[in-house]
Amino acid sequence: MIYTIKLGIEAQSEQQAIDIANDLAELKNLLSDKDLKELKKVIKKNPGIVETAKKFLS
């Protein structure tokens, strides 16, 4: 089932906010609920891990 949720996203333009919302929705659909929650915990605890991961993935 699909639920429609209204949320606010800070962005420089409406198009950028739409792009961010679409990226977040796609990320959610790629991960299980458990993995998404774990990813959030890891990033919240250590935001620099994203930059480290990008170096390994490049």
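Modeller: Let us begin with the charges, where Lys and Arg count as positive and Asp and Glu as negative, with His and the chain ends not counted. The protein chain has 10 positive and 9 negative side chains. With the place of a charge taken as NZ of Lys, CZ of Arg, CG of Asp or CD of Glu, the centres of the two sets lie 10 Å apart.

Colleague: What kind of model is this, and how are residues numbered?

Modeller: This is a predicted model, in which local features need pLDDT of at least 70 and side-chain atom pairs count only at pLDDT 80 or more, whereas totals for chains, interfaces and linings use all residues. Side-chain values use heavy atoms, with hydrogens and water left out, and residues are numbered from 1 along each chain as its sequence is written.

Colleague: Which elements does the protein chain have, and in what order do they run from the N terminus on?

Modeller: Helices (H or I, at least four residues) and strands (E, at least two) are DSSP runs, numbered from the N terminus. On that basis the protein chain has three helices and zero strands, and the order of its elements is α-α-α.

Colleague: Why is the protein chain described as more spread out than a compact globule?

Modeller: The globule rule is 2.2 Å times the number of residues to the power 0.38, and the radius of gyration is taken over C-alpha atoms. For 58 residues the rule gives 10 Å, and the protein chain is well over that value, so it is more spread out than a compact globule, with a radius of gyration of 14 Å.

Colleague: What share of the 58 residues is buried?

Modeller: Buried means under 20% relative accessible area, exposed over 50%, and partly exposed in between (1.4 Å probe, protein chains only). By this criterion, the buried share of the 58 residues in the protein chain is 2%.

Colleague: Which residues form the positive surface patch?

Modeller: Patches are made of residues with over 30% relative accessible area and no salt bridge, like charges being joined within 9 Å and nonpolar side chains (Val, Leu, Ile, Met, Phe, Trp, Tyr) within 5 Å. One of the contributors has its place in helix H2 (residues 33-45) and counts as exposed at 57% relative accessibility, namely Lys-37. The positive patch as a whole is formed by Lys-37, Lys-40, Lys-41 and Lys-44.

Colleague: Which helix gives the most to the nonpolar patch?

Modeller: The nonpolar patch, of about 380 Å², is made by Leu-27, Leu-39, Val-42, Ile-43, Ile-49 and Val-50. Both H2 and helix H3 (49-57) supply at least two residues each, and Val-50, in H3, is partly exposed with a relative accessible area of 35%. The helix that gives the most, with three residues, is H2.

Colleague: How many salt bridges does the structure hold?

Modeller: A salt bridge is a side-chain nitrogen of Lys or Arg within 4 Å of a carboxyl oxygen of Asp or Glu. Lys-28 pairs in this way with Asp-33, their closest N and O atoms being 2.6 Å apart, while Lys-54 pairs with Glu-51 at 3.1 Å. Lys-54 and Glu-51 both lie in helix H3, three residues apart, about one turn of the helix. The number of salt bridges in the structure is two.

Key:
Areas by Shrake-Rupley, 256 points an atom, 1.4 Å probe, with all protein chains shown as cover.
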